[in-house]
Amino acid sequence: MIDFYCIHKLDDEPSQAPLNDAIASGKQFGINVIPHPGVYTDVHAKMTKEGLIINPAGSHKILRRGNDGKGVLGCFLSHYFLWKKCVELDVPIRVRCNYY
């Protein structure tokens with residue numbers, strides 16, 4: 001069986017139905033869909049804790065979307081933490097984002 005990580009918003013009712021659909025679809029095709037919580041809070045603190053910085057030359061691309069870049073950075077961190085899990089497990093992983 002293939003493991004497949006689905007990034008979703010933890011404890012968020014609107015994202016639960018698509019997550020359940022992904023899990024059900026996966027079962028039909030022998031895919032183990034593993035819910036993985038996305039990063040939606042404390043984005044800048046998590047960036048700092050990980051020692052990550054925003055390249056000043058590209059910051060306008062992140063900040064132009066508003067909300068202090070938290071959406072773009074949260075998406076990045078969600079994938080970044082799955083990449084770290086991939087390295088930790090020493091296996092390739094597959095990711096699906098359950099974003100609206």
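**Close-up 1. The backbone just after helix H1 in the predicted model**. Gly30, which lies just after H1, adopts a positive phi of about 70 degrees.

**Close-up 2. The buried and exposed sides of H1**. Ser15, Pro18, Leu19, Ala22 and Gly26 are the buried residues of the helix, and they lie on the same side of H1 because the arc that they cover around the axis is only 105 degrees. An α-helix has 3.6 residues a turn, so residues three or four places apart point the same way. On the face turned away from this buried side, H1 carries the exposed residues Glu13, Asp21, Lys27 and Gln28, whereas its buried residues pack against strand S1 (2-8) and strand S2 (31-37).

**Close-up 3. The pairing of S1 with S2**. Seven bridges join the two strands in the parallel sense, and among the paired positions Phe4 has Val33 of S2 as its bridge partner. The chain passes from S1 through H1 to S2, forming a β-α-β crossover that is right-handed.

**Close-up 4. The largest nonpolar core**. Seven residues make up this core, namely Val39, Val43, Met47, Ile62, Leu73, Leu77 and Tyr80. At least two of the core residues are supplied by each of helix H2 (43-49) and helix H4 (70-89), with H4 providing the largest share, three residues. Beyond the residues up to four places away in sequence, Val43 touches Lys70, Leu73, Gly74 and Leu77.

Conventions:
Residues numbered from 1 in each chain as written. Predicted model: local features only at pLDDT ≥ 70, side-chain atom pairs only at ≥ 80, totals over all residues. Heavy atoms only, no water. Buried < 20%, exposed > 50% of the residue type's maximum accessible area, 1.4 Å probe, protein only. Helix = DSSP H or I, 4+ residues; strand = E, 2+ residues; numbered from the N terminus. Arc of directions from axis to C-beta. Contact = heavy atoms within 4.5 Å. Pairing = 2+ DSSP bridges. Right-handed = clockwise from strand over helix to strand, strands pointing away. Core = buried A, V, L, I, M, F, W, Y, C linked by side-chain atoms within 4.5 Å.
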